[in-house]
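Colleague: I'm new to this one. Can you walk me through it?
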Amino acid sequence: MRFVIQRVLESEVKVDGEVLGKIGKGFMVLIGVCDSDTKEIADKMVKKMLGLRIFEDEQGKTNLSLETVGGELLLISQFTLYANCKKGNRPSFIEAGAPDMAVEMYEYIIEKCKEQVPVVERGQFGADMKVSLVNDGPFTIILDSDTL
């Protein structure tokens, strides 16, 4: 499982011109799932993400968590995080999770986040989404379950 976490001042996702999810200060997270992922892995990833202390305190040090700053979440499914670019110039996506399993994991992650974060917005699995954001910093973290 892979999360690309961007600390944002604001972010939104649209499908067919309609805003599906919109947040202020918080994390915009791209979520990639592979076939070997489990709910236990998702739990570990969510715990790590929500525990990250990457917001600045009064001294300008990255020492505050999403909860501490009252941050919001925008969660976007992103199978291309499992692109394999080793051969040629056209990426292969065979390492990405099968759609039925991946959507189940995506929904599970959303529900787990809602247990701890008051504002959790989302994209639409499998849709052609337009995502915009104002990256704060910029500050981007990549979490990979293979390296946690």
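Modeller: One term before we start: contact means heavy atoms within 4.5 Å. Also, this is a predicted model.

Colleague: Okay. What do the buried residues of α1 pack against?
Modeller: They pack against β1 (2–15), β3 (26–32), β5 (62–65), β6, α2 (99–114) and β8 (129–144).

Colleague: Which residues in α1 are buried?
Modeller: Ala42, Met45, Val46, Met49 and Leu50. They cover an arc of only 120° around the axis, so they sit on the same side of α1.

Colleague: And which exposed residues are on the face turned away?
Modeller: Glu40 and Lys47.

Colleague: How far apart are the end C-alpha atoms of α1?
Modeller: They are 18 Å apart. Helix α1 has 13 residues, 39–51, and at 1.5 Å a residue it should span 18 Å, so the two agree.

Colleague: Now α2. What should its span be?
Modeller: 22 Å, because it has 16 residues at 1.5 Å a residue. The end C-alpha atoms of α2 are 22 Å apart, which agrees.

Colleague: Which residues of α2 are buried?
Modeller: Met101, Ala102, Met105, Tyr106, Tyr108, Ile109, Ile110 and Cys113. The buried residues of α2 pack against β1, β3, α1, β6 and β7 (120–122).

Colleague: Switching topic: where is Ser77?
Modeller: In strand β6, which covers residues 72–77.

Colleague: Is Ser77 buried or exposed?
Modeller: Buried, because its relative accessibility is 11% and the cut-off is under 20%.

Colleague: What does Ser77 touch?
Modeller: Leaving out residues up to four places away in sequence, Ser77 touches Ile31, Tyr106, Gln124, Phe125, Gly126 and Met129. Separately, the C-alpha atoms of Ser77 and Arg122 are 8.5 Å apart, with the two residues 45 apart along the chain.

Technical notes. Residues are numbered from 1 along each chain as its sequence is written. This is a predicted model: local features need pLDDT of at least 70, side-chain atom pairs count only at pLDDT 80 or more; totals for chains, interfaces and linings use all residues. Side-chain values use heavy atoms; hydrogens and water are left out. Helices (H or I, at least four residues) and strands (E, at least two) are DSSP runs, numbered from the N terminus. Buried means under 20% relative accessible area, exposed over 50%, partly exposed in between (1.4 Å probe, protein chains only). The expected span of a helix is 1.5 Å times one less than its number of residues. The arc is that of the directions from the helix axis to the C-beta atoms.
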